[in-house]
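Got your viewer open and a selection box ready? Let's walk through this one together, a stop at a time.

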Amino acid sequence: MSSQPCRWGFLGAAAIARKNWKAIRLSGNGVITAVASRSVQRAADFIAQCEAEVPQSVTAEAVEGYDALLQRDDIDAVYVPLPTGIRKPWVLKAAAAGKHVLCEKPVAVHGDDVAEMIQACQDAGVQFMDGVMFDHSTRLAGIEDSLRPGGPVGNVRRIQTHFSFNGGDDFVGANIRADAELEPHGCLGDLGWYCIRFTLFVTGGRMPESVSARTLTPIGQGSAKVPGEFSAEMRFDDQTSAAFYCSFLTANQQTALVSGDRGYVAVDDFVLPFYDGSLHWTENRHDLQVDNCRWNFRRVSDGRRVDEFAGGEPDAQEVRMVRHLGDIALSGQLESHWPEISLKTQRVLDACRRSAAEQGAVVCIESS
Ligand SMILES: NC(=O)C1=CN([C@@H]2O[C@H](COP(=O)(O)OP(=O)(O)OC[C@H]3O[C@@H](n4cnc5c(N)ncnc54)[C@H](OP(=O)(O)O)[C@@H]3O)[C@@H](O)[C@H]2O)C=CC1
Ligand SMILES: O=C1CO[C@H](CO)[C@@H](O)[C@@H]1O
């Protein structure tokens, strides 16, 4: 692997980009070469702010316009946090320019767009990865261990996820998340993306057979509405079912419950640490003993917790994510898992949208 760092360019001085600036600086294998914005002043202000928070040895350049950044030959990978509604052409251009792509979620408007974006990256020999940071969390291996065949959870029967925050009174009009042009999937794209992804993590990438979903509350300006509150129910080809709820109107909560025939795993803050900077999860197994017609549940497996942040690395998931993409860019060893799981996530999201448009009609998902 090259001893040079991965040279990153950012398309857009987005709010989330500040977090990933920090992550790249902490990753140990990356440097931010340039930040492009529609306004060069905004890019310069963004760089000054990030430098003040987490400096780097080279000075990042402020660039006017995303095209100008993509034309540079001193950039290996681009981070694309542009709004979902306008992201696709920039990913296609980035791939054509030979840049590896870290693309924010929800990846696109439709699964066919994602397929096109992935194909463009494949044709250009560059990596495509979406910005699902929890996929890089160290605790996923621990959760997987609880879910192993014959493990404390047993056969998984039910997966329930909930991701919500209350955006407040000025959310509509002030935040891109409620803008039908920029973020057409509303909370389904912003929060439901993670719920679907966690569900696919538990099933090992196995897709649901069918989905029934509803937009519970639309939000937006005039007739241009997006889902502000959404729920879905999924069925798999075995005994497993899954449900998720996401909302911009409900207080902060992000919980995942995986229930099997022997026990369950509860993951609080399954996406990112909302509260105290820690990520944890609990494993529970209770065995039923019937004595003298009395039902007793005996706790067999202790609740276990893993605090990924105990090691002192803040934003550990994001750091691991950008380090991973940096390693891929430097080694040239592309990984097919990331484009494949993005496309699966978007295909489930598409089915949710179709079902919600028909008031919860059951929509079947093709297995391919
Ligand atoms: N994985 C994660 O942890 C997170 C992911 N996200 C995702 O990242 C995306 C960006 O979110 P966030 O950072 O909050 O959004 P912001 O509104 O802060 O940033 C969006 C950026 O897109 C650029 N842009 C280009 N065209 C437009 C346009 N027509 N209107 C508005 N902005 C435009 C702007 O950059 P400029 O003006 O500099 O050109 C702007 O700064 C969302 O899709 C969101 O879901 C967000 C937060 C966390
Ligand atoms: O991806 C994201 C991480 O979570 C946030 C909520 O806390 C989202 O709004 C954001 O887009």
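The tour goes from the whole chain to its domains, then to the ligand and an annotated stretch.

**Before you click.** This is a predicted model, in which local features need pLDDT of at least 70, side-chain atom pairs count only at pLDDT 80 or more, and totals for chains, interfaces and linings use all residues. Residues are numbered from 1 along each chain as its sequence is written, while chains are lettered from A and ligands numbered from 1 in the order in which they are written.

**Stop 1: the whole chain.** Show the C-alpha trace: its atoms fill a box of roughly 75 × 50 × 40 Å along the principal axes. The radius of gyration, taken over C-alpha atoms, is 21 Å, which agrees with the value near 21 Å for a compact globule of 368 residues; that rule is 2.2 Å times the number of residues to the power 0.38. Switch to cartoon and you have 10 helices and 15 strands, which are DSSP runs numbered from the N terminus (helices: H or I, at least four residues; strands: E, at least two). Buried residues make up 45% of the 368, where buried means that 20 or more other C-beta atoms, placed from the backbone, lie within 10 Å of the residue's own.

**Stop 2: two domains.** Colour 6-132 + 328-336 as domain 1 and 135-316 + 346-364 as domain 2; such bounds come from an automatic or database domain assignment. Their centres, over C-alpha atoms, are 27 Å apart.

Where they meet, 16 residues of domain 1 contact 17 residues of domain 2 (contact: C-beta atoms, placed from the backbone, within 7 Å). On the domain 1 side, select α1 (15-27) and α5 (111-124), the elements that give two or more residues. α1 gives the most, with 4 residues.

**Stop 3: the ligand.** Which residues come nearest to ligand 1? Of the 20 around ligand 1, pick Gly 12, Ala 14, Ala 15, Ile 16 and Ser 37; a residue is near if its C-beta atom, placed from the backbone, lies within 6 Å. Keep the domain colours on: each domain supplies at least three residues of this shell.

**Stop 4: an annotated stretch.** Finally, select 151-265, where an unreviewed UniProt entry places the feature "domain: GFO/IDH/MocA-like oxidoreductase"; UniProt annotations may be inferred rather than shown by experiment. Over these residues the chain is 18% helix and 44% strand, and the end C-alpha atoms are 11 Å apart.

Definitions and conventions
Two residues are in contact if their C-beta atoms, placed from the backbone, lie within 7 Å. A residue is buried if 20 or more other C-beta atoms lie within 10 Å of its own, exposed if 12 or fewer, and partly exposed in between; C-beta atoms are placed from the backbone.
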